[in-house]
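Biologist: I'd like to learn how to read cores and sheets in a model. Could you walk me through this one?

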Amino acid sequence: MTYDDIPHLSAKIKPKQQKVELEMAIDTLNPNYCRSKGEQIALNVDGACADETSTYSSKLMDKQTFCSSQTTSNTSRYAAALYRQGELHLTPLHGILQLRPSFSYLDKADAKHREREAANEAGDSSQDEAEDDVKQITVRFSRPESEQARQRRVQSYEFLQKKHAEEPWVHLHYYGLRDSRSEHERQYLLCPGSSGVENTELVKSPSEYLMMLMPPSQEEEKDKPVAPSNVLSMAQLRTLPLADQIKILMKNVKVMPFANLMSLLGPSIDSVAVLRGIQKVAMLVQGNWVVKSDILYPKDSSSPHSGVPAEVLCRGRDFVMWKFTQSRWVVRKEVATVTKLCAEDVKDFLEHMAVVRINKGWEFILPYDGEFIKKHPDVVQRQHMLWTGIQAKLEKVYNLVKETMPKKLDAQSGPAGLVSGDQRIQVAKTKAQQNHALLERELQQRKEQLRAPAVPPGVRIKEEPVSEEGEEDDEHEAEEEEPMDTSPSSLHSKLANGLPPGRAAGTDSFNGHPPQGCSSTPVARELRAFVEATFQRQFVLTLSELKRLFNLHLASLPPGHTLFSGISDRMLQDTVLAAGCKQILVPFPPQTAASPDEQKVFALWESGDMSDQHRQVLLEIFSKNYRVRRNMIQSRLTQECGEDLSKQEVDKVLKDCCVSYGGMWYLKGTVQS
């Protein structure tokens, strides 16, 4: 079927948007046309009643609409050609539109369907209107729109769409292919001068004429790629400055040998310029380049897992990179203990530059690049000085025991020897046995020195032996999961209840009990403020969850804060009890998988609001039951409080203290899924 055979065709245009809409009739008498389907579509779109707003007035889908869309934004390289009498006539194009079928009638059918469903629901609900409760309605008065708000509204997507929809359509008249007016317009595609004398400007060689016809592509500055994020196109990447190329590659790859970087940048790039650029965005680790932390975590960003600021994340990642400058292996638990960051953040750090090995830890992802070390000793020396400065900052922030940096990486140095996990465990056990007696004597002497001035004459104090249970647990955990650190500093920190060496005795803690007068110290006041603020928000916490929140709080504090002096578990528990909380002895089942810290449950006994009595009754219920049904809680609250509590009051108490799982209610943190 040609355009001249079409019984009905109309067109309209929106000039400002350069948008054309063409409505074309469908031959409903054609044997290939499915009449039942056309009737069904018309019924879905217009419904059973036809009026002047109907899309298909004949109750049959008898027309199809085509809408235009721009195929390209740059049409300067395209032309319309007409070949006539051995001559090729070219006319430049200023716009190209492609017509595609429009399915707006389907949207109209969906809208009709939703209207019918809404009407049916309204009819069903109207029968029960008399039984509905009176609902409170909040009335708000709109404020005058500010100039800034008006500009945001004008630039919004909804406003632009509305303006486009408001532009009126200009209806056009269609002329067939063989119409005289069509033939008249077609004559404009022919060049009026046909003699070769008049076209003297086209007397050029074929190559020059081809260059004029198809000039080389010259991308405008605005069309150049702005930093590819996830998927890199090497063709687009090489249009950027060298410094941006290096930064983008390192940000995406994270760890890369220098030889691989040079192969990606191309053979024409000067290696000296690359060395200058790489040192601005990466650090040297075992002869390979690792992207700097502030490149991955910009200043105003935060962790997607824990929400800690970028500054804390950069410190933690720098610690991981620094550990890899000393050894090919890093233990995840050691990193988490030192940095006080959550497991997901630490795992992200390690996955950037290492691979996990079962029963060994995390190994640096690339082999030692001795060739680069030998070839560029000046760069190695400069990086060594940078790492020395970073080490000093980390020792100050994390209270690390000063350790010597690895030997200077020169031409004769090689990768550190690998030690298996079993060997590390055996070394740790041997050192623990050798140092235990010495450390115990030192601890006993410090106790006597601190206790002597505070004890009146004639008073004897019962001394308790130092438990070795923590040491055995640490060794057992290392055998099952990851190797423990074999350095003496690590062993000392474990025997000192997690405090840095040299500070364990300074905390005035004997077996976890704070001495007299410590409640007025800045550390105790800061800890008390944290505990009170935390329980005012959550009411019920296990010791395990409280320690996790405290570690997150520590990670957000600035370096040198008083809480970094070391807080023992016992000191934390005593502070909780002193803050008006009580320990709830929840009867966990014998086969529970909860750890000892998860079985210690603390709750705020009095918060000063109207629900204190209800919460106390609820906590007494859970001191005798591990899990309880809601109806039992409801009846017990009614019995103890002497009044019928509303559903909202019961829901508030349950929300403050409990969680629901499998139809039963548990205290927060005690449910074992």
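Biologist: Which residues in the largest nonpolar core touch the most other members?

Modeller: A word on the source first: this is a predicted model, where local features need pLDDT of at least 70, side-chain atom pairs count only at pLDDT 80 or more, and totals for chains, interfaces and linings use all residues. Residues are numbered from 1 along each chain as its sequence is written, and side-chain values use heavy atoms, with hydrogens and water left out. In soluble globular proteins, nonpolar side chains tend to be buried together. A nonpolar core here is a set of buried Ala, Val, Leu, Ile, Met, Phe, Trp, Tyr and Cys residues joined through side-chain atoms within 4.5 Å, buried being under 20% relative accessible area with a 1.4 Å probe, protein chains only. Among the 59 residues of the largest core, Met250, Ile278, Trp289 and Phe324 touch the most other members. Helix α12 (residues 310–326) gives the most to this core, with nine residues. A second, separate core has 50 residues, including Leu549 and Leu667.

Biologist: What is the strand order in the open sheet of three strands?

Modeller: Helices (H or I, at least four residues) and strands (E, at least two) are DSSP runs, numbered from the N terminus, and two strands pair if DSSP finds at least two bridges between them. The order is β11-β13-β12, with antiparallel pairing. The edge strands, β11 (329–330) and β12 (354–357), each pair on one side only. Tryptophan 329 has glutamate 363 in β13 as its bridge partner.

Biologist: How many residues lie between β17 and β18 in their hairpin?

Modeller: Two, and glycine 662 in the turn has a positive phi of about 65°. The two strands, β17 (residues 658–661) and β18 (residues 664–667), pair in the antiparallel sense over four bridges. Cysteine 658 has leucine 667 in β18 as its bridge partner, and Leu667 also belongs to the second core.
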